[in-house]
Amino acid sequence: MKQSKVEESGDRRMDYTYYPGCSLTHASKPYDLSTRAVFKRLGLGLHELEDWNCCGATVYMSVKETVSFAISARNLALAERLGRDVVAPCSACYLVLNKTNRFLHDLPDLNAKVNDALAAAGLSYKGTVRVRHPLEVLVNDLGIEQIAKQATRRLDGLKIAEYYGCQIVRPERGFDDQEFPQTLDTMFAALGAENVYYPMKVRCCGGMLMTTANEVAMKLCRDLIECAQGNGADCIVTTCPLCQMNVAAYQDRLSTRFGKDLHIPVLWFTELLGIALGLDEKTLGLNIHLEPITDKIMSLVG
Amino acid sequence: MAELQSPGTLPSRESELRKAFLEQVGIVPGGERIRKCIQCGTCTGSCPVSYAMDLSPREVIARFRAGDIETILRSRTIWICASCYACTVRCPVEIKITDLLYALKRVAMEKHIRPRQFPVYALSEAFVRNVRMFGRNYEIGLLTEFFLRSLKWVDLIRMAPLGWKMLRTGRLGLLPERIAGLKDLRKIIKRAEAIERPQELVPGRAVTDEVGYEAIQS
């Protein structure tokens with residue numbers, strides 16, 4: 001009896017509740033595919049939160065604050081029953097869910113209001129769920145050494161520019177430095193890749209400005225690509241659905257607008273990690289990218 | 001015309017805006033730190049889009065303290081912030097600048113200040129409706145509604161090749177996905193809205209000012 005209990009809790013340590021978020025269901029499909037595949041390959045359990053709803057995203061936050069916390073908290077309340085840490089790959093979800101946790105903890109008034117709202121659907125939230133990014137889970141729970149041990153392909157000769165984006169390092173003090181994070185750099189160096197000088201690691205891609213103030217976002221994306229190209233990168237590696245979308249999907253338009261070739265593959269870190277772990281193109285979603293994936297990347301998979 | 005007043009008092013509209021703003025700031029933990037600003041300009045220097053703003057983030061705080069929220073609400077600044085939080089983490093006195101800009105944006109939307117060039121409100125409102133309807137974001141619906149409402153026909157056409165590519169690769173869902181607990185989610189939203197500070201907007205008449213900004217005149 002006692003024995004099985006120990007085993008159970010032992011299992012739970014490497015089991016996570018998965019919160020994919022809206023972006024990963026369609027627009028950022030490869031990020032979803034590769035995250036699931038990498039976790040599976042590394043022997044980590046990833047269980048999708050049943051009937052999750054939109055986290056509220058930063059767009060919602062900017063219109064109705066209390067309502068957005070209640071929406072966000074529904075997910076946390078559902079996850080709390082399961083007792084596992086939540087893994088949220090989307091930077092916006094990661095930020096919003098963590099922000100909800102902190103605000104509910106810091107503001108008893110808001111907490112009471114949100115729980116009152118949740119009660120309308122028979123839910124309540126005590127505030128015990130930890131929301132984590134898959135990158136941090138891989139590096140801290142499993143460790144880079146373990147990951148490197150399980151790698152079947154070396155990334156030797158591949159030059160990469162690691163682009164973390166804004167919202168996994170800011171505004172909360174999270175798992176890495178806010179100005180010059182190194183988690184991705186360390187992990188991919190261990191897998192054989194060469195990290196190019198990329199001072200724009202945490203520079204903004206423009207986020208939703210691509211839709212509402214296009215010209216401003218276009219310039220930011222041009223800068224990000226130019227910096228990677230100029231430093232000799234074969235690809236950009238990122239952790240965020242929106243960063244990837246902005247930097248990758250508009251490369252034709254960017255090239256026309258600025259009169260130069262601004263094409264470069266932009267991979268989610270789970271895709272490149274999946275390549276190193278021996279996974280194939282389709283499993284990782286490399287075949288459904290919106291920007292051209294160069295032969296140099298494809299030769300790694302082949 | 002500006003009303004004549006004794007020194008130190010704010011015009012009635014300004015004090016009304018101030019009240020709305022302070023209520024919004026009250027939601028932000030540490031929001032009161034705005035008083036500690038030393039006007040060093042680190043926020044403006046860290047902002048990747050301050051070059052496109054008419055009021056720098058530093059100036060926003062200065063104007064707020066000088067009792068000029070009206071100018072802030074009519075600026076491009078609140079709509080251009082991309083929520084990258086660079087200013088927030090670098091501020092030496094820990095002012096939550098991004099969250100303050102959110103608060104200002106909420107006040108502007110409440111007061112129906114809607115600049116044509118920055119249709120953030122159209123995106124936000126489309127997003128809110130989306131979540132209420134499906135529980136998740138339905139991208140085709142969201143973007144179509146946004147482009148139609150913001151009258152950015154050119155952009156809708158410009159987006160077409162990308163949209164087609166995304167459809168072909170299965171990266172755009174044709175149909176919305178409704179969550180099973182939609183009824184529960186709506187109950188939560190309804191209750192939260194009722195709890196949230198009940199606020200009746202003063203009905204007014206929409207006017208377009210000289211820079212093309214729509215404003216409400218009560």
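Predicted model: local features only at pLDDT ≥ 70, side-chain atom pairs only at ≥ 80, totals over all residues.
Residues are numbered from 1 along each chain as its sequence is written, and chains are lettered from A and ligands numbered from 1 in the order in which they are written.

The axes of α5 (residues 65-80) and α6 (residues 91-106) of chain A come within 9 Å and cross at roughly 100 degrees. Axes are lines fitted to C-alpha atoms over the stretch in contact, with angles from 0 to 180 degrees between N-to-C directions. Helices are DSSP runs (H or I, at least four residues), as are strands (E, at least two).

Next I checked α8 (residues 134-142) of chain A. A:Pro134, A:Leu135 and A:Leu138 are buried there (20 or more other C-beta atoms within 10 Å; exposed is 12 or fewer). Seen down the axis of α8(A), these fall within an arc of 115 degrees, so they line one face of the helix. The arc is taken from the directions from helix axis to C-beta atoms. After α8(A) comes A:Gly143, with a positive phi near 100 degrees.

A:Arg170 and A:Pro171 are joined by a cis peptide bond, omega about -5 degrees. A:Pro171 sits in the loop between β5 (159-163) and α10 of chain A.

B:Gln39 is exposed, with 11 other C-beta atoms within 10 Å. B:Tyr85 has phi near 65 degrees, but B:Tyr85 is buried, with 24.
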